[in-house]
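The sequence and the structure come first.

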Amino acid sequence: MDKIQILWVDDEIDHLKPHIMFLEEKGYAVDTINNGDEALEMIEEKRYDLVFLDENMPGLSGLETLRRIKTHQNSLPVVMVTKSEEESIMEDAIGSQISDYLIKPVNPRQVLLTIKKNLDSKRLVSEKTTSNYQQEFRQIGMDLAMVNDHEGWVSLYKRLVYWELELDKLEDEGLNEILQSQKKEANSQFFKYIEKHYESWFNGREEGPVMSHTLFKEWVNPHLNEEEKVMLLVIDNLRQDQWKVIQPLIEEHYTTDREDNFFSILPTATQYARNAIFSGLMPSEIQKRFRDKWIGDNEDEGKNLYEKDFMADQLKRLGRGDMKFTYTKITNHQNGKKLVDNLSNILGNPFNVVVYNFVDMLSHAKTDSEMIKELADNDKAYRSLTRSWFQNSPLMEMVRILRQKGVKLILTTDHGTISVTDPTKLVGDRNVNTNLRYKVGRNMSYQHKDVYEVKDPERIFLPKANINSAFVFAKEDLFFAYPNNFNHYVKYYRNTYQHGGVSLEEMIVPLAVLNPRA
């Protein structure tokens, strides 16, 4: 292996011979020079891995040398070495993209630590992450056999997401495959848990988690008052892992006051889950209370056209009928820009609701667009695409403005999504709905082992179109496929993002209460 090449620039370089010898004994190759002009020439002629640069030199100063180095080789790590502890000098150096700085007199161990931090940190972090995950893998495996309540499933899922994001930083496909295998097993056990307990959450036999229809009352309503402006931001189809990759961007402007997870109702689909959030009711209750505003699966009318009405009704039931609020749905980039331009007008109200549909459109685009299929080939790429979109979207600009206006932000979603891999055959008549993760209809034939079957939808507060209507929800990462033209259908939909069924990714979704930074 080639030695790491270091250039040390200091007008008193002779005084640093013990440091140079120490580094050479550790296997580093060190060149020395006593002025900035010659240092720049050496950097032009030879490839260096790291530069130690004295800040206070006669002739070309350390800061000017740094600027010229960065002009020609921006990625070359430079460590500033200075006698001064003046804040302005440090800020100037940091602003010029130094990798680190040391205050004289330095000792050899400090120098060695700086080298390892800048040049060897990736390997060290990789080794430590690998070691930690190997230990956690065994612990998660044991916990998976023991988890028996909804709090336990939230905790376990968040740990799996944490390790997904940690392993994203490594180039170790083997470890990622192990984690994906563990996630698959977790989803298998989670399905059995939901199949056994879901109905109990509605009939009083078991205390359930906060869910779509109780979310607003339990976690949003307590923050509403006339003295503080609040915005509820619902990003459609946002998974826990996607929230974690955009959270650092938001936290440049907001502090996270509360971070929690709730359970999306079944089906984990916008028509059901989001209407439940805004109405504070389960779907069958919405149908009874708003007979002309609940749209069935096979009706052509839009399924989420009355969310503002549902929100107004829920506020009234909560004793906030006089509270003024706005409701805005964003379905494209132009609408997002218009919202940003109009923020000052709507913020005259104490409460505002924004539904942002981009992530949902992104998941659907993976089905229809070859380019998106390539860009979001796996969950890691999907997360990266989400982060890149958010960072450059009108929504990010809106977050900045809301922070400046001192608006509290409550961010959540309606449901998540899962990349489906394997088909399960289902036969039904032409009135069966088209969703790939749940089906509702009569006389359906399917693989019973692959579904959570609900023959009496009213037991879980779902509308019953007729006396024989039933719901079936696909488990894990399965998707429904019809026997007719089966191979073509499977090829088209495999590895696309779908929602509506039973999985950790679809059901356990995030909520964050965010306060603007001062």
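K475 and E476 are both buried, where buried means under 20% relative accessible area, exposed over 50% and partly exposed in between (1.4 Å probe, protein chains only). Their side chains meet in a salt bridge, N to O 3.8 Å; the term stands for a side-chain nitrogen of Lys or Arg within 4 Å of a carboxyl oxygen of Asp or Glu. Salt bridges with shared partners link E164, D168, K183, R239, D241, D379, R383 and E505 into one network. By this rule the count is 34 salt bridges.

The model is predicted: local features need pLDDT of at least 70, side-chain atom pairs count only at pLDDT 80 or more, and totals for chains, interfaces and linings use all residues. Residues are numbered from 1 along each chain as its sequence is written, and side-chain values use heavy atoms, with hydrogens and water left out.

| Salt bridge | N to O distance |
|---|---|
| R437 and E506 | 2.5 Å |
| E397 and R400 | 2.8 Å |

R437 lies in the loop between strand 12 (422-427) and strand 13 (438-441) and E506 in helix 21 (residues 504-507), so this pair ties together parts 69 residues apart in sequence. Helices (H or I, at least four residues) and strands (E, at least two) are DSSP runs, numbered from the N terminus. R437 is buried, at a relative accessible area of 0%, and E506 is buried, also with 0%.

E397 and R400 both belong to helix 19 (residues 394-404), three residues apart, about one turn of the helix. E397 is partly exposed at 33% relative accessible area, and R400 is partly exposed at 31%.

In the helix pair, G36, D37, L40, I43 and E44 of helix 2 meet T65, R68, I69 and H72 of helix 3, contact being heavy atoms within 4.5 Å.
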